[in-house]
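Here is a short briefing on one protein chain. Look at the overall picture, then follow the points below.

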Amino acid sequence: MRHIISTTILLTLLTAAGCRNYLDEQLLGTYSDGTFYQNEAQAVLAINAAYTPLTFSSDRNRLWVFGDVASDDAAKGGDPGDQADIGLVDNFQIFPSNGVIESQWGELYEGIARCNQVLARVPKISNITPAVQTRILGEARFLRALYYFYLVNIYGPVPLLLETKNADQLQIPQSPVNIIYEQGIEPDLQEAIKNLPASHTGGNIGRATKGAATALLAKAYLFQQKWQQAATTAGQVQALGNYALLPVYSQNFSQDAKNSAEAIFSVQHLTAQVPFTGNRLNQWFAPRPGENGYFFNVPTQNFVDEFEKTSAGVVDPRLDYTVGRAGRLWVNGEAFDPSWSPTGYLNKKHVQPLAEVSVATKGDGNLNYVTLRYAEVLLIQAEALNELGRTAEALPLLNQVRRRARESYLNDRSLSATPAVPPGLLPNVANVSQSALREAIRHERRVELGFEFHRYFDVMRYGRDYAQAALRDKPQFRYETTRYFPIPQSERDTNKALRF
C-alpha cells in the first residue's frame with residue numbers, strides 16, 4: 001500500500017505527541033503550522049502520518065511485549081540481559097521508568113495527537129473533494145479509537161484528549177476506563193462507520209474501512225461485556241459480505257496473501273523502501289544462527305500444550321504454522337534446532353524465509369501486521385452469543401474457525417500429499433453447556449490468535465481467577481495491582497494532575 005510510504009516523509013512536519021507540554025509546538029520542516037492543511041494533498045499526508053505509530057518499522061512500538069511476553073504464551077527470549085526492560089515486563093518487575101512502558105505510551109499518544117490535528121484542521125480545508133474529506137475524518141476517528149483501545153488495555157485509566165490543546169491546558173487527570181470507551185472509543189467508531197467506505201482500491205488499499213471500524217467496535221463492546229451490542233455488531237461485519245476465512249490458516253501470515261479477504265485491517269509494511277517502511281519484527285523474532293535474528297518473544301511449553309491432538313498424535317496444524325519446534329522444518333526449509341531458543345521454540349508468524357528477505361536486510365520485512373481478521377470476528381460473536389445464553393447460535397461460529405483449521409489438510413500439500421483430514425482432528429464442538437462452551441471459545445481464541453499480540457488482554461478481561469491461574473508462573477503478578485502497567489515516569493513528571 002503506497003500511502004504508508006508517504007507517511008514517514010511527513011514525520012518531521014507533525015506536532016509531537018502525548019499528554020505533554022509540546023503539543024502546541026509549530027510544525028517543523030517544509031511547512032509551518034500556518035501553511036499546512038491548505039489542500040487535499042496535505043490532508044492526505046496528514047492522515048497518512050497518523051497511521052505510522054502502528055507500524056513496526058521502528059523499535060518504539062512494542063505491542064508484542066504487552067500482548068505476548070506479559071502473558072502465559074511467551075517468554076522474553078533473546079540473550080540474557082539483552083533488552084532488560086522486556087525481561088522486567090515478563091517478570092512483572094515493572095517501574096514507571098521502564099523503557100518499554102515509556103516508548104509504547106509515547107507512540108500511542110503520538111498517534112492520538114496526529115488524529116486530533118486531522119480532526120481539527122481538515123474540516124476547515126475548502127480545496128478538497130468532499131468524499132475524500134469525509135473519508136479522512138473517518139480514518140482519523142478509527143485510528144484514534146484504536147490507539148485508545150490499546151491505551152486502556154495496557155495502562156487502564158489514562159488522560160482522554162479528544163481535541164488539540166495548548167501547553168497550559170495539559171494538566172489532565174486520568175479518565176476511568178468505562179468513560180474512555182463510552183466517550184472516546186465508541187463514538188469515534190460509530191462516526192467512522194458512517195464515514196468510511198466498505199472497501200478501497202489501488203493505492204488506498206490498507207486504509208481503514210467500514211468493516212474495520214465495525215469489527216473494532218464489536219471488540220470494544222466485547223471487552224466491556226456489552227454482549228448484545230458485541231453480538232449484533234460482529235454480525236454486521238459478516239453482513240457486509242466482504243470477508244471470508246482463507247482456505248489455509250498460514251496464508252494469513254504470508255506476503256503472497258497480504259490484504260486478503262480475511263484481513264479486516266492490517267498495518268502495512270513494504271520492504272526496500274526509502275524512507276524505511278519495513279517490518280523489523282522479522283529480525284526481532286528470527287533465530288541468530290544463519291539469520292542474524294534476536295530470537296525474542298518465544299513460545300512457552302504451556303502455549304504449545306494448548307493445541308489439541310488426535311488419539312493417533314496428530315496435532316492441530318495451527319501449532320506448526322505458529323511455532324518452530326524440534327522435529328519440524330523452520331521457515332527456510334531446514335530442520336528446526338531447539339537450541340535456537342531458550343524455551344526450545346520460536347514463533348513463526350512474523351518471520352519470513354531468507355528467499356524473501358535476506359540476512360543483509362533482515363530487519364526490513366515485508367509482512368503486514370494483521371490487527372483485525374475475520375476469524376476473530378466469528379469468535380467475538382460466538383462469545384457474545386454464548387454469554388447471552390444463546391449457546392446453540394454460538395456453536396456454528398466457533399465451528400467455522402475449527403473447520404478451517406482442520407481443512408488446511410485439504411488445501412496445503414505441505415501437510416499431506418493426500419488431501420484428507422486426519423480422523424478425529426478438531427471435531428465440531430456440539431451439545432455443551434454455556435460454561436463448557438465459554439472455555440472452548442477461550443481455548444479457540446488462544447490457539448487461533450496465538451502470537452498476534454492479543455493474549456494478555458484476553459487473560460485480563462477474563463477476570464481475576466483466570467488471570468491468576470494463567471500467570472501462576474509469574475510470582476510478581478497480582479491482578480489487583482499489576483493488571484495495568486504504570487504510567488511512564490516522564491508523564492508523571494510533566495502532568496501533575498495524574499493520580500496514581
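**A histidine in a helix**

Histidine 443 has its place in helix 16, which covers residues 434-448. The model shown is predicted. Histidine 443 counts as buried because its relative accessibility is 15%, and buried means under 20%. Setting aside neighbours within four places in sequence, histidine 443 is in contact with Glu306, Glu308 and Arg402.

**The whole protein**

- The secondary structure comes to 20 helices and 6 strands. The radius of gyration is 22 Å, close to the 23 Å that the globule rule gives for 500 residues, so the protein is as compact as a globular protein of that length.
- Along the principal axes, the C-alpha atoms fill a box of roughly 70 × 50 × 45 Å.
- How many of the 500 residues count as buried? The share is 60%.

**Surface and charge**

- The protein exposes about 18400 Å². Carbon and sulfur atoms supply 50% of that area.
- There are 48 positive and 50 negative side chains. The centres of the two sets lie 2 Å apart.

**Strand 6 and its partner**

- Strand 6 pairs with strand 2, residues 263-267. The pairing is antiparallel and runs over 4 bridges.

**Tyrosine 374**

- Tyrosine 374 lies in helix 13, residues 374-387.
- Is tyrosine 374 buried or exposed? Tyrosine 374 is buried, because its relative accessible area is 8%, under the 20% cut-off.
- Which residues does tyrosine 374 touch, leaving aside neighbours within four places in sequence? Its contacts are Gln238, Tyr243, Ala244, Leu245, Glu262 and Ile264.
- Alanine 234 is 140 residues from tyrosine 374 along the chain. Their C-alpha atoms are separated by 9.7 Å.

**A cis peptide bond**

- The peptide bond from valine 274 to proline 275 is cis. Its omega is near 0°.
- Where does proline 275 lie? Proline 275 is in the loop between strand 2 and helix 10, which covers 281-284.

- Phenylalanine 92 is a residue other than glycine, yet its phi is positive, near 60°.
- Phenylalanine 92 lies in the loop between helix 4 (84-90) and helix 5 (99-121).
- Phenylalanine 92 is buried, with a relative accessible area of 6%.
- Asparagine 297 is not a glycine, but has a positive phi of about 60°.
- Asparagine 297 is found in strand 3, residues 296-299.
- Asparagine 297 is buried, with a relative accessible area of 0%.

Methods. Residues are numbered from 1 along each chain as its sequence is written. This is a predicted model: local features need pLDDT of at least 70, side-chain atom pairs count only at pLDDT 80 or more; totals for chains, interfaces and linings use all residues. Side-chain values use heavy atoms; hydrogens and water are left out. Helices (H or I, at least four residues) and strands (E, at least two) are DSSP runs, numbered from the N terminus. The radius of gyration is taken over C-alpha atoms; the globule rule is 2.2 Å times the number of residues to the power 0.38. Buried means under 20% relative accessible area, exposed over 50%, partly exposed in between (1.4 Å probe, protein chains only). Accessible areas come from the Shrake-Rupley method with a 1.4 Å probe; for residues, only the protein chains shown count as cover. Lys and Arg count as positive and Asp and Glu as negative; His and the chain ends are not counted. The place of a charge is taken as NZ of Lys, CZ of Arg, CG of Asp or CD of Glu. Contact means heavy atoms within 4.5 Å. Two strands pair if DSSP finds at least two bridges between them.
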